[in-house]
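The following exercises concern the structure shown below. Each task is followed by a solution in steps.

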Amino acid sequence: MVPKTIHGMDAHTCISAMQKFIRRGMEREAMEVAVEMGHTSRGFGSWVANRLELIAHEDIGLAAPEVIMLVRTSCQQAREWYDAEKLAGWRMAIGTAIRAMCRAKKSREGDHFQAAIGLRSLLEGYVPEVPDWVFDGHTRKGKAKGRGVEYFRTVSTRLSPPAKKDAYEDEAYRLLELKAKGAPPAAEEEPPVKRRGQLF
């Protein structure tokens, strides 16, 4: 059974409330329930940090991806700095994470994405379909079809959205063609033998 918090609150309720407050940008309220947890025990303090890392993906994600790394760093520090006799460090790191998340642009797409794809696999037995163009020279099937460097360049490396041609593309594919034709590596010159007493 999960114990009550320092002031007799249900811990699951505190965690759930923290997430709901963050979703609505209510930073003070989110911090209040996080502190209730952290002031109870190190285990509850870690629970808060772990949940904040998850919330960063679930309710923010690509809407503000820089927040994910800030939350990760802050929560790692909170776990490292936890000291029941000196909780200011833990609160500081947790507070940074909570304020960043409350003020960030939000998106539920990350949670919807994982559920839509993951649950279709688990509940409906969906098996991914692989189109023919995937099979290039890096696969057995592609090798059997004779798909070489040109196929790789024109089909396998197609980007969406498209990117501008870079300064190294032509040189890279020229050398990949040489490699595909079995060109041996350039022979290395043997270093000259030094004589006794020779400096250079």
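Rings of Phe, Tyr and Trp (its six-membered ring) pair if their centres lie within 6.5 Å; planes under 30 degrees apart count as stacked, over 60 as edge-to-face and the rest as tilted. This is a predicted model, in which local features need pLDDT of at least 70 and side-chain atom pairs count only at pLDDT 80 or more, while totals for chains, interfaces and linings use all residues. Residues are numbered from 1 along each chain as its sequence is written, and side-chain values use heavy atoms, with hydrogens and water left out.

**Exercise 1. Aromatic pairs**

Solution. Step 3: both residues belong to helix 3 (residues 42-60), where a spacing of 3 residues separates them by about one helical turn; helices are DSSP runs (H or I, at least four residues), numbered from the N terminus, and strands are runs of E of at least two. Step 4: Phe44 is buried at 7% relative accessible area, whereas Trp47, at 23%, is partly exposed. Here buried means under 20% relative accessible area, exposed over 50%, and partly exposed in between (1.4 Å probe, protein chains only).

**Exercise 2. A pair between helices**

Task: Classify the pair Phe152 and Tyr173 and locate its two residues.

Solution. Step 1: with centres 6.4 Å apart and planes at 55 degrees, the rings of Phe152 and Tyr173 form a tilted pair. Step 2: the pair links distant parts of the chain, as Phe152 lies in helix 8 (residues 149-156) and Tyr173 in helix 9 (residues 169-180), 21 residues apart. Step 3: Phe152 is partly exposed, at 25% relative accessible area, and Tyr173 is buried, at 12%.

**Exercise 3. The whole chain**

Task: Describe the secondary structure of the chain and decide whether the chain is compact or spread out.

Solution. Step 1: the chain holds 9 helices and 0 strands. Step 2: its radius of gyration, taken over C-alpha atoms, is 28 Å, well over the 16 Å from the globule rule for 200 residues, so the chain is more spread out than a compact globule. That rule is 2.2 Å times the number of residues to the power 0.38. Step 3: along the principal axes, the C-alpha atoms fill a box of roughly 75 × 65 × 35 Å. Step 4: 28% of the 200 residues count as buried.
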